[in-house]
Amino acid sequence: MEDNKKVTTSSTKKSTSTKKSTGSKSSTAKKVSKSKTTSSKSTSKTKSSNAKVNKVKKENLDIIISDIDKIDNDKTQIIDLLVSDNVKKEEVSESVVKKDKKNAFNKKSKRKKFFNGKFYLDILDILIIILITAIISCIVSGYILNRQYNKNNIFNVTSLKEDKALSEFIQMYSEIKDNYYEEVDSEGLIDAAIDGMLQHLEDKYSIYFDKNSSDAFDDYLDGTYTGIGILASGATVLEVYENSPAEAAGIEPGDVIIKVNGKDIKDDNANDISTLIKENDGESTVVVKRSNNELTFKLKTDNVTINMATKKVIEKGNKKIGYLGLSSFSSKSHEQFAEALIELEKEGIESLIIDLRGNSGGYLSSMESIASLFVEKDKVLYGIQTKDDITYTSDKTEDKREYNIVVLVNGNSASAAEMLTAALKESYGAKVVGKTTFGKGTAQKVVHSGETSYKYTAFKWLTPNGECIDGVGIKPDYEVNNTINNNIINDKQLDKAIELLSK
């Protein structure tokens, strides 16, 4: 029985257990139900929250879509604007390129501000530098020149103020001009004073020229003038120029002019011959004495070019010898001499005779140019001796000759003619034939003052070997005298020159 209790008890427990189990299920069901309720609420809340989020997203999406529409509208407006203004894509591109270049240039300009060991200069910089340099140079040069001028001017003014003799002269001039009882020619007083000063030097080469003498002297040295074409010393005709009215009329060297247009010519008015000839519209009647005869010539003045150079070819045996005579050293002498020399050389001359007989000189520059045609470069042409120092002048040209030369001279070969003779003899090796030259070893400076002029001795000249020939002359290598038979000159001097060069 006890076994049945147990079973019953066991069954009871099982039943209880079942009840408990049923009760547990019920409890679980409640929990599930509760959980479902909670979950349902939570889901409901989630749905509500999601709805809100979706609403916000939708609103944001609407805003974004609105903004995109707005941007599209703006783009459309920009495109419409570009199209309406006819702006092409290439122009926009070009604008961008220009802007890029400008930015690149600005960057480059900024880089210039930082020194990296290199200089960057454009054209404008260079022009500015050149301009500034030129301005500075002008200022400095002007300052130096002005300072030097003021220095010299102060010295001159000071020396003049301290010159008592000049003060006395000015006082005397003012006294006569202001207080002489008649009107006084001021220019005449000054001219007379200059003439008196030159005479006081007791130098026969320091001379005052009045207007007529000054004009004649200038014409002769210039090589052209208006006249009848003669060179006269006083009333004696020394030379008749080629292609001149005097040559055409028949006037000859050695004629003595005794009357012009009915006016007698004597020693006191011999210097007026040129003026008298040019009167009456240039038409004049000239009477000359030739030997014991008086000859009358009617002449008309003309523009006369004084041809200082004469030339010819002398043939001796199988030799061609050039002859070139030069009457003066005028401003045109070098040109005329050089042209004649070239023509002779084209004819095939093998040697040359230069005739300086009767040549009284002229411009030093003309002599130097002619000597430079023959003397080798850097060889001495002449020297100059002033009261302060001695200087020598050498040839600076590439011209030179190598053939033999003989120079003809006589007692009337003077000054520049003697300088050329000495240069050719001592620096070229030429031979000299004839008579001892005049011996004028000084040179004068010509000064023009209004319509008058004067010349004064400025220096002595020296031969290339340093010799002064003043008052002595140049002795020829071969001294030869010409002879005269029946008023015909036998030119023995020329014959000797030909003999020397035909060997």
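## A patch on the surface

Which residues form a nonpolar patch on the surface? In this predicted model, the patch consists of Leu124, Ile128, Ile132, Ile136, Val140, Tyr143 and Ile144, and together they have about 680 Å² of accessible area. Ile128 sits in helix H3, which spans residues 123–162. With a relative accessible area of 40%, Ile128 is partly exposed.

The protein chain has a mean pLDDT of 79, with 73% of its residues at 70 or more. Two stretches call for some care. Residues 60–69 stay under 50 and have zero contacts beyond four places in sequence. Residues 107–115 are also below 50, with two contacts beyond near neighbours in sequence. Where pLDDT is low, predicted coordinates should not be read in detail.

## The buried side of H12

Now to helix H12 (residues 492–501), where Gln493, Leu494, Ala497, Ile498, Leu500 and Leu501 are buried. These residues cover an arc of only 160 degrees around the axis, so they lie on the same side of H12. Their cover includes strands E10 (309–316), E11 (319–326) and E12 (351–355).

## Salt bridges

The whole structure holds 13 salt bridges. One of them pairs Arg401 with Glu345 at 2.9 Å, N to O. Arg401 lies in the loop between strands E14 and E15, and Glu345 in helix H9, so the pair ties together parts 56 residues apart in sequence. Arg401 is buried at 17% relative accessibility, while Glu345 is partly exposed at 27%.

Asp491 and Arg357 form a salt bridge too, their closest N and O atoms being 2.8 Å apart. This pair links two loops, and therefore ties together parts 134 residues apart in sequence.

Terms used: Residues are numbered from 1 along each chain as its sequence is written. This is a predicted model: local features need pLDDT of at least 70, side-chain atom pairs count only at pLDDT 80 or more; totals for chains, interfaces and linings use all residues. Side-chain values use heavy atoms; hydrogens and water are left out. Patches are made of residues with over 30% relative accessible area and no salt bridge: like charges are joined within 9 Å, nonpolar side chains (Val, Leu, Ile, Met, Phe, Trp, Tyr) within 5 Å. Accessible areas come from the Shrake-Rupley method with a 1.4 Å probe; for residues, only the protein chains shown count as cover. A salt bridge is a side-chain nitrogen of Lys or Arg within 4 Å of a carboxyl oxygen of Asp or Glu. Helices (H or I, at least four residues) and strands (E, at least two) are DSSP runs, numbered from the N terminus. Buried means under 20% relative accessible area, exposed over 50%, partly exposed in between (1.4 Å probe, protein chains only). pLDDT is the predictor's confidence in each residue, from 0 to 100. Contact means heavy atoms within 4.5 Å. The arc is that of the directions from the helix axis to the C-beta atoms.
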